[in-house]
Structures are given as C-alpha cells and as structure tokens.
Amino acid sequence: MNILLIGNGGREHALAWKIKQSPLCERLFVAPGNAGTSMVAENVSIGVSEFEKLGAFCVDNRIELVVVGPEVPLVNGIRDYFEADPKLKSILMVGPGKAGAQLEGSKDFSKQFMLRNGVPTAKARTFYANQFADAASYLETCQPPYVLKADGLAAGKGVIITSDEAEAKATMREMLEDKKFGEASAKVLVEEFLNGIELSVFVLTDGEDYVILPEAKDYKRIGDGDTGPNTGGMGSVSPVPFADAAFMKKVEEEVIKPTIAGLKKEQIPFKGFIFVGLMNVRSEPYVIEYNTRMGDPETQSVMARIQSDFLELLLAAAKGELKDKTIAVDPNFALTIVVASDGYPDEYEKGKTISGLEEATGALVFHAGTKKQNNEVLTDGGRVLGITGKGKTLKAAQANAYAAAEKINWDGVYYRWDIGKDLM
C-alpha cells in the first residue's frame, strides 16, 4: 500500500524507518521530510499544514493511509479537512480530529477533561490575558516551586518552573500581557508542583480499544544535570527502570482506561496516539499533560524496541480494528542522545556541513533538523540528529549511543553528556 507520513523531525524519521520494515508498505512518502527520511522514503516538498496540497497529493498518488507526525496539523484540523472532502474521506488516517487534538492544543481543556473523568492530576487555575493582577495575587497563595503553563502550543517550551515568586510574577506578565508565546499564552495555567520522576507512556487507540507502546523518559532541559531552559527534548531512555509492572498496571487502570472512556463518553472520536506525560509521585501516577501524537525524541527510543509489524498496528487503529491486537517488545534498552546546534533553544545557525555520519555505525542515527544539498548533509534546525544506542543494560545502550555521537561533527555541535545517568 501507499502511505503518506506528515512531518520532518526525528520522530518522523524513526516512524518512517519502522513503517518501511513492513511487507505491507509499497511506497512511503514523507511531507516535507528531511535528509534522513529521504534514505528510507520519498520526500515531498509540501508543508505540514498545506492541507489542500496534501489532499491533492494523496489523490494523485493513490495514498491509502496518512500518518500525522506533529501536533500542529492535528490541532489545525487535518482530519476534519479530509473527512469533509468526498475525494479524501475514504483515506485512512492515524491522528485525531480537531476535537480530540484539543487534549494537546489546550492545556485548560485537557485539565478540565482530566478532572471531569477522574484522571489523577495536579491542581491548577487558569488565568486570561486581562487577569494579571488576579494571577499575581494567586501566586502569593501558592507554595513554590511555581509552575506556569501556556494554554496553547509552544513547541515544548511553554512550561516555566521557578522557585522565585518575583520571577514567577514577571514571567506571568510576559506570558499574559507581552504574549511571550503569542496566542498560546493568551491563557496561562498556574499548576501545583508535583515532586517525583517524570516519564512518558504512549498509547495507540482506535477510540474503543488500545495498545500500550513501550514507555520512555525524556530529558527536557538543555544542560547536564537538568539545568538551563526547557527544550523540545535532549534525549530519551526506554524502558524506564522505575516503571515496573505494578506501576504500569496503575497507569493502565487509573489513567489510560478513564481517558479512553472519557473520550467515548464525551463523544470525541479518536484514532491515533495518546502520549501521556506522567509524574511518578511515591509510586502513584499523576498526569502532567496529554499530547495527541508520539513524542520527540522518545519515538526514536520506542521504535528501536518494537518488534511487531508497526504498520499493521497503525492500519488496525485507523480502521477501528485494534481489539485483541498485541505488541512484541524487545526487552533490551534503547537510549537516544539529541545532537543539537550550539545556541539551541535560542538563536543558532543553520547550514553547517555534518561529517562522520558514515562512521557512526554502532547505533541508529535518526535525522531531525537536516537537509541534503550537493550530496552533503547540512544542519537545518536546532535539534539536528537523534543517536539511538541499544544494549542489554542501560549502561551498554548509553556507551553505544555516545560512541556513535563522538564520531559525528560540525561547527557548533552540542549535546548533553548525562542522558540515562540518573536512572543507573
């Protein structure tokens, strides 16, 4: 069958790599893709939100399945667009419609959804652009650290945590009044700080049934020891040693089942991924956030461990046929290091020549912010590559990933040196 995967990051390269392994896959296209996806699929220069062009491409190339990688086209309603067009509505899609994508597109919506459906989560209060004075007064009643969350999409950078009340108030003003994150911070949540260890749980659902994919832990901050500003993610590990069978059973019973039941009760059809950002607080799971797509860089570690035909599972979800489906998972560890451009997540330069890709043989190299030009691979983003090492132990996976990363270079290469260290 012919498949179109939408996106151009490390997540999409990992998904393309996995989908391509299926005997069901005839032709795989990625829009717009990157230098890495061009090695396993055919890149198409159409942007992720150019719905009209994407639709026309699907008709012209007899696409039978569309897999949506990033959040923006989901929140903007790509499924709704396809379902409203008689020529496109029969094309299968993995990714929810606008109603389901609100779980990620609005922190306020997702928080209220959790509370309505009995999903364990931190207490929170929402403030609007004209309510800075109220927000400042409320912060005075809170215990530090203070957690501020932009309501809308902010590319993984819309959460600010600080123990300084004055800084919390100044940041709240920047978000609400100065539109630090544009329309994303027209509403801001002040959330209770949960003290625990974070992890990500991934669910593929058809709205009725579900399959739980391997869990992962990602590393959000730019610097070693979890220092510096938040990024889209600087590395990931799967499996997560503290997420044992007893904890994962709690996650399934207290989080996943009420979430799927809540979607059904509220008549929100959902065929796609639910990424549950969790905090393990004294062995109890609390939901920090939902995303309605796979995580990046967690996908790179997760795909490296899935042994089943992943395309078969995606098709079953898109068709509403996930009942009784199971997934085979490699028990070994996968550890991903994000290799970034110096300056990320702030200002950084693009167009640097990457060397050493051929020498990095002991690990999987997933491309994120890259492009091909005159037979050279150039940097084309803040997060450039994801290097995924595997091993029977976490230490072995870590050693394989870092050995490969050290072979790769460009002017201004940067990565953290402590991915996985906290779990050893």
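**Figure 1. Strands S6 and S9 pair in the antiparallel sense.** In this predicted model, S6 (residues 124-128) and S9 are joined over 5 bridges; two strands count as paired if DSSP finds at least two bridges between them. Helices (H or I, at least four residues) and strands (E, at least two) are DSSP runs, numbered from the N terminus. Arg-125 stands opposite Val-190 in S9. On S9 there is also strand S7 (residues 146-150), which runs antiparallel to S9 and is joined to it by 4 bridges. Val-190 of S9 is the bridge partner of Leu-148, and Glu-191 of S9 stands opposite Val-147. Residues are numbered from 1 along each chain as its sequence is written, and side-chain values use heavy atoms, with hydrogens and water left out. The model is predicted, and local features need pLDDT of at least 70, side-chain atom pairs count only at pLDDT 80 or more, and totals for chains, interfaces and linings use all residues.

**Figure 2. Strand S9 is mostly covered.** Of the 5 residues in S9 (residues 187-191), 5 are buried, where buried means under 20% relative accessible area, exposed over 50%, and partly exposed in between (1.4 Å probe, protein chains only). Lys-187, Leu-189 and Glu-191 point one way from the strand, while Val-188 and Val-190 point the other way.

Figure 3. Axes are lines fitted to C-alpha atoms, for helices over the stretch in contact (heavy atoms within 4.5 Å), and angles run from 0 to 180 degrees between N-to-C directions.

**Figure 4. Val-119 lies in the loop between helix H6 (107-116) and S6.** Val-119 counts as buried because its relative accessibility is 4%. Leaving aside neighbours within four places in sequence, the contacts of Val-119 are Met-114, Glu-254, Val-255, Pro-258, Thr-259, Val-287 and Tyr-290. Val-287 is 168 residues from Val-119 along the chain, yet their C-alpha atoms are separated by 7.3 Å.

**Figure 5. Both faces of strand S15 (residues 235-238) are covered.** Gly-235 and Val-237 on one side, and Ser-236 and Ser-238 on the other, are all buried. Strand S12 (residues 217-218) runs antiparallel to S15 and is joined to it by 2 bridges, with Lys-217 as the bridge partner of Val-237. S15 also pairs in the antiparallel sense with strand S18 (residues 333-341), over 4 bridges. There, Ile-337 of S18 is the bridge partner of Gly-235.
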